[in-house]
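Here is a friendly walk through one fold, written for someone who likes to know the cut-offs behind the words. Please have a look at the model first.

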Amino acid sequence: MLNWYLQSGKESDVVISSRVRLARNLAEFPFETKCSKEDLRKIEQKIEEATPQIGYHLKYLRLRDMDDITKMSLVEKRLISPEFVSDKSENRGILLNDDENISIMINEEDHLRIQVFASGLEIENLLNLAIEIDEKIGEMLPYAYSEKYGFLTSCPTDAGTAMRASVMVHLPALTQTGNIRKLLEVVSNFGMNIRGIYGEGSKAIGNMYQISNKQSLGISEKEIIKNIKLVTDKIIEQERLARKYLGKNSIELEDYVYREYGKLINCRKISWEECKELLSAVKLGTDLGVIRELTDLKVNKIDLYSKPANLQKYLGKQYDSYDRDIKRAEVIKQIVQEV
């Protein structure tokens with residue numbers, strides 16, 4: 001069974017993936033920013049001891065036991081945050097299952113960050129899974145909760161449901177037609193955050209955008225999901241209309257995507273940033289049936305194994321930046337030629 005980030009899901013020509021994240025804090029401890037080292041150690045110990053009872057084949061992994069490349073490979077898969085890795089605190093861990101569709105960060109900004117992932121547009125199903133996991137943990141480890149403010153979090157803007165639902169969308173046609181800025185402004189006016197692929201502070205690369213809810217207080221989980229779904233459906237509609245418009249001039253479209261495809265598969269060295277930009281056009285061509293030499297799986301593999309840390313994990317060896325660019329071009333060719 002392929003991990004979720006190598007699969008193609010519902011509406012995956014536009015929606016790359018979905019995520020639901022719940023922030024939770026244990027009632028008997030102060031927020032992470034106010035915790036002593038001993039508090040953090042006890043939180044980690046309590047959650048590690050509860051792991052077998054939570055189920056879902058989750059394993060407790062200590063961040064301090066991981067090498068830097070392994071940690072960065074998890075960031076690249078969006079299973080943990082860049083901030084989580086950069087903090088040097090010893091008492092940080094992650095609960096992760098083999099499919100890697102469940103990832104729970106321990107002692108990040110909050111005591112627990114429960115995350116569930118899927119390819120394509122699956123936020124409704126993910127909400128059910130997240131609530132199921134959340135309730136199991138909450139029965140064993142009572143949460144900080146207020147009848148007035150809901151779940152209490154270290155950041156006041158996360159209070160209430162303390163939920164962030166997000167979708168990662170690929171919008172190359174809206175970019176090509178010059179309509180991307182207008183659409184993103186409309187989305188922002190609907191009360192949504194628009195960010196790059198690695199969340200707050202990151203830039204959009206390869207025409208990828210992360211759309212998530214801003215509000216979590218005074219609104220239910222189902223309402224959040226409903227609003228995200230409404231906005232995402234409109235984004236899908238507009239992107240597909242833009243693709244249809246580009247398709248009216250088939251020669252220009254074919255020339256564009258095949259030129260980018262040619263660069264991608266024939267280069268001798270390539271940076272991750274350039275690879276991501278070229279792959280955006282190649283995925284567009286593949287989704288529209290223009291490029292027939294690739295499958296969705298091959299596109300997803302190139303996307304994953306071209307990333308710096310996952311490239312090195314895939315090859316089982318460390319490389320400097322220059323050699324990574326050479327190896328990246330070799331791996332792309334290998335994936336394209338797979339039978």
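Angles under 35 degrees count as roughly parallel, over 145 as roughly antiparallel, 65 to 115 as roughly perpendicular, and the rest as oblique. The axes behind them are lines fitted to C-alpha atoms, for helices over the stretch in contact, with angles running from 0 to 180 degrees between N-to-C directions. The model is a predicted one, in which local features need pLDDT of at least 70 and side-chain atom pairs count only at pLDDT 80 or more, while totals for chains, interfaces and linings use all residues. Residues are numbered from 1 along each chain as its sequence is written, and side-chain values use heavy atoms, leaving out hydrogens and water.

**Helix pairs**

Helices (H or I, at least four residues) and strands (E, at least two) are DSSP runs, numbered from the N terminus. Two packed helices are described by the angle between their axes and the distance between the axes.

| Helix pair | Angle | Axis distance |
|---|---|---|
| H8 (residues 250-266) and H12 (residues 321-337) | about 110° | 8 Å |
| H9 (residues 272-287) and H10 (residues 296-305) | roughly 170° | within 11 Å |

H9 and H10 are therefore roughly antiparallel to each other. Contact here means heavy atoms within 4.5 Å. Residues of H9 in this contact include Cys-275, Lys-276 and Leu-279, and those of H10 include Asp-296, Val-299 and Ile-302. By class, the H9 and H10 contact has 4 nonpolar, 1 polar and 5 charged residues. For these classes, Ala, Val, Leu, Ile, Met, Phe, Trp, Tyr, Cys and Pro count as nonpolar, Asp, Glu, Lys and Arg as charged, and the others, Gly among them, as polar.

**The sheet**

An open sheet of 8 strands is arranged in the order S2-S3-S4-S5-S1-S8-S10-S9, with antiparallel pairing; strands pair if DSSP finds at least two bridges between them. Its edge strands, each pairing on one side only, are S2 (59-62) and S9 (192-195). On average, and ignoring direction, neighbouring strands are turned by 20° against each other. Helix H1 (residues 37-54) packs on this sheet, touching S2, S3, S4 and S5. Helix H4 (residues 123-140) lies across S1, S4, S5 and S8, at about 25° to S1.

How is S5 placed, enclosed or open? With 8 of its 8 residues buried, S5 is largely enclosed by the rest of the structure. Buried means under 20% relative accessible area, exposed over 50%, and partly exposed in between (1.4 Å probe, protein chains only). Leu-112, Ile-114, Val-116 and Ala-118 point one way from S5, with Arg-113, Gln-115, Phe-117 and Ser-119 pointing the other way. S5 is joined to S1 by 8 antiparallel bridges, and Arg-19 stands opposite Phe-117. Between S4 and S5 there are 5 bridges, again antiparallel, with Ser-103 and Gln-115 as bridge partners. These two strands form a hairpin with 5 residues between them, and Asn-107 in the turn has a positive phi of about 65°.

Glu-32, in the loop between S1 and H1, counts as buried at 12% relative accessibility. Among its contacts beyond four places in sequence are Arg-92, Asn-107 and His-111.

**The core**

A nonpolar core is a set of buried Ala, Val, Leu, Ile, Met, Phe, Trp, Tyr and Cys residues joined through side-chain atoms within 4.5 Å. The largest has 98 residues, and Ile-80, Ile-104, Ile-137, Leu-171 and Ile-211 have the most contacts inside it. Helix H7 (residues 221-247) gives this core its largest share, 8 residues.
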